[in-house]
Amino acid sequence: MKKHIKQAAGRLLKDIRQFGLAVVVLLIYMTVVSQIFGAFCPVRLFTGLPCPGCGITRAAVFLMTCRWQQAWQMNPVVFPVVAAALYFAVNRYLLDKEAKGMKWLIAVIAVLLVAVYVEHMVRYFPGREPYSYLPGNILERMIPAYPNIWR
């Protein structure tokens, strides 16, 4: 059992060494840009419109704090995203094997993201977070009439 734990820890440390800097840079970007602009999504900052992934971070926070319904309302695709992440982590770090079918799983999640996005944009835009318009976006600053398209 100790050998298995050491192997899992070794794989985790290897991944941290390989991807740790990218994760740190991403977290710094998210923190700084969110503080300055109120959002960190490049699509939202440029167009003012939500992207298919909008709400996933907030939904994940709701999920981690056992607020299932709020997570579902923010972005229901968070549930398959978390399930896929757990499937990958269990296979990679606990079972020491490849997580088979991950490409297909990611493709299905991408399709779900787009489908939920379209449905929520039709139902909720621009009235409910995260499906709201972000004023002061780059296109709005470049083209003053741009916000009139969404009204």
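In which helix is the place of Val78? Val78 belongs to helix H5, where helices (H or I, at least four residues) and strands (E, at least two) are DSSP runs numbered from the N terminus. The model is predicted, so that local features require pLDDT of at least 70 and side-chain atom pairs count only at pLDDT 80 or more, whereas totals for chains, interfaces and linings use all residues. Residues are numbered from 1 along each chain as its sequence is written, and side-chain values use heavy atoms, with hydrogens and water left out.

Val78 is buried, with a relative accessible area of 1%; buried denotes under 20% relative accessible area, exposed over 50%, and partly exposed the range in between (1.4 Å probe, protein chains only). Apart from residues up to four places away in sequence, Val78 touches Ile56, Ala59, Ala60, Leu63 and Ala71, contact being defined as heavy atoms within 4.5 Å. By contrast, the C-alpha atoms of Val78 and Leu139, which lie 61 residues apart along the chain, are separated by 29 Å.

The largest nonpolar core comprises 21 residues, and those with the most contacts inside it are Ala71, Val77, Val78 and Tyr131. At least two residues of this core come from each of helix H3 (56-64), helix H4 (68-74), helix H5 (78-94) and helix H6 (102-124). The greatest contribution is that of H6, with 6 residues. A nonpolar core is here a set of buried Ala, Val, Leu, Ile, Met, Phe, Trp, Tyr and Cys residues joined through side-chain atoms within 4.5 Å. In soluble globular proteins, nonpolar side chains tend to be buried together. When neighbours within four places in sequence are set aside, the contacts of Tyr131 include Pro50, Cys54, Met74, Asn75, Val116 and Tyr117.

Helix packing was described for two pairs. The axes of H3 and H5 come within 10 Å and cross at roughly 75 degrees, the axes being lines fitted to C-alpha atoms, for helices over the stretch in contact, with angles running from 0 to 180 degrees between N-to-C directions. H3 and H5 are therefore roughly perpendicular to each other; angles under 35 degrees count as roughly parallel, over 145 as roughly antiparallel, 65 to 115 as roughly perpendicular and the rest as oblique. In this pair, Ile56, Ala59, Ala60 and Leu63 of H3 meet Val78, Phe79 and Val82 of H5. The axes of H5 and H6 also come within 10 Å, but cross at roughly 170 degrees, and H5 and H6 are therefore roughly antiparallel. Here Pro80, Val81, Ala84, Tyr87 and Phe88 of H5 meet Met102, Leu105, Ile109 and Leu112 of H6.

The number of aromatic pairs is 2, where rings of Phe, Tyr and Trp (its six-membered ring) pair if their centres lie within 6.5 Å, and planes under 30 degrees apart count as stacked, over 60 as edge-to-face and the rest as tilted. The ring centres of Trp72 and Phe79 are 5.9 Å apart with the planes at 45 degrees, so this pair is tilted. Trp72 is exposed at 52% relative accessibility, while Phe79 is partly exposed at 27%. Tyr133 and Tyr146 form a tilted pair with 6.4 Å between centres and 45 degrees between planes. This pair links distant parts of the chain, with Tyr133 in the loop between H6 and helix H7 (138-142) and Tyr146 in the segment after H7, 13 residues apart. Tyr133 is buried at 17%, as is Tyr146 at 8%.

Gly48 lies in the loop between helix H2 (42-47) and H3 and is buried, with a relative accessible area of 0%. The C-alpha atoms of Gly48 and Pro135 are 6.2 Å apart in space, although the two residues are 87 apart in sequence. Beyond four places in sequence, Gly48 touches Val43, Ser132, Tyr133, Leu134 and Asn137.

Backbone geometry was also examined. Most residues other than glycine have a negative phi, and most peptide bonds are trans. The Phe125 to Pro126 peptide bond is cis, with omega near -5 degrees, and the Glu129 to Pro130 bond is cis, with omega near 0 degrees. Cys66, in the loop between H3 and H4, has a positive phi of about 60 degrees although it is not a glycine. Asp96, in the loop between H5 and H6, has phi near 55 degrees and is partly exposed at 43% relative accessibility.
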